[in-house]
Amino acid sequence: MSYLHLNQPLIVSNIDKLVKGVLFNHVSFEETKKQLNDLYEPFMDIFDDGLFYSETIHAFIDSTESIVGDSSAYEVVWDHDKTQRFINTLLSYKNDIEEETRAWRYNEGQNKNNLVSLVRNLTDQYSKLLFVMVDLKYATETSHHVTIDGFNDHMKKIRELISNKKTCFEHVQGYAWALEQGGINGGLHCHLLLIYNGSERQRDGYLGKAVGEKWQSITGGLGTYYNWNTLENKGDFKRQGLLGIGMIHRDNPLEVENAVRVASYLTKPDKCEQQLKLWLPGMRTFGQSRFNVSWRRGIKR
């Protein structure tokens, strides 16, 4: 694979895969050696000590540094001996990596409980709500232009628009977002759930499209999106008895439970391969609105 464009998220994601592959016997010795020669120099070019990295990336940094020291990255050749030493050194980090995964799963479980509570409170409060789900991501052909800093800036802007409750975000009664990294290109992306007052908003497919287009504008054309609220998608879910997006009525228990299931997709503890591998100091990977706010009908401060 070529790293000519120094795609920061992709390089870091592939190192994460390499480390896990070595530790859990998913890659051969020869493949490990090849990946080290492909990844080491590009990673050192994009490494930023002002960022936080996952335990897999720290294990890679510490293990390679202990072998090559201060040698210039472009001069390092990962031969049989260096590769074997890398594998042996990496094994000492297995417990730290597994502990990070356990902690992540626990946090996801807590996030899920909080989000389910929000959805149930909202469905108790409003007779009907419009659930809209949009995946915000980047086009494959331009993803090398996006760093974690750029992604963070784009997310700040979309959250600000949601908070302002204007245009396609008007009448939003609740929301949640989850940042992830994964897929073939190690892409940074966001799962966004918006919950509108169903008495004020309809046309959920249109709203999903409008939110996606807003994301494209924010990202200067680098972004793309997936609108879950198309007629085709909703038809598929309905045939399976799983429709939990679109208009959800409080007096329809199946719709409510399906809506809870859809919301829970943002916080699935078994999606550990999708967690961020790098992030900025103080950067949050999950957020949701509060239910107990003074402007909500019938809610006291």
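Predicted model: local features only at pLDDT ≥ 70, side-chain atom pairs only at ≥ 80, totals over all residues.

Visitor: Why is R203 called exposed?

Guide: Exposed means over 50% relative accessible area. R203 has 58%, so R203 is exposed. Its phi is near 55°, a positive value in a residue other than glycine.

Visitor: And what makes H171 partly exposed?

Guide: Partly exposed lies between the buried limit, under 20%, and the exposed limit, over 50%. H171 has a relative accessibility of 27%, so H171 counts as partly exposed. H171 lies in the loop between α6 (148-164) and β3 (172-182), and its phi is near 70°, again a positive value in a residue other than glycine.

Visitor: How do you know that E99 and R102 form a salt bridge?

Guide: The label needs a side-chain nitrogen of Lys or Arg within 4 Å of a carboxyl oxygen of Asp or Glu. For E99 and R102 the closest N and O atoms are 2.9 Å apart, and the pair is a salt bridge. Both residues lie in helix α5, 3 residues apart, about one turn of the helix. E99 is partly exposed at 42% relative accessibility, and R102 is partly exposed at 47%.

Visitor: What makes R239 and D236 a salt bridge?

Guide: Their closest N and O atoms are 2.4 Å apart, and the cut-off is within 4 Å. R239 and D236 are 3 residues apart in helix α8 (residues 231-239), so about one helical turn separates them. R239 counts as exposed at 65% relative accessibility, whereas D236 counts as partly exposed at 32%.

Visitor: Which parts does the salt bridge of R120 and E257 tie together?

Guide: The side chains of R120 and E257 meet at 2.9 Å, N to O. R120 lies in helix α5 and E257 in helix α9 (residues 253-264), so the pair ties together parts that are 137 residues apart in sequence. A search of the whole structure finds 9 salt bridges.

Visitor: How does the reach of α3 compare with the span expected?

Guide: Helix α3 (residues 55-68) has 14 residues and reaches 20 Å from its first C-alpha to its last, close to the 20 Å expected at 1.5 Å a residue. Its buried residues include F60 and I61, and what covers the buried residues of α3 includes α1 (8-23) and α5 (94-125).

Definitions and conventions
Residues numbered from 1 in each chain as written. Heavy atoms only, no water. Helix = DSSP H or I, 4+ residues; strand = E, 2+ residues; numbered from the N terminus. Expected span 1.5 Å × (residues − 1). Buried < 20%, exposed > 50% of the residue type's maximum accessible area, 1.4 Å probe, protein only. Contact = heavy atoms within 4.5 Å.
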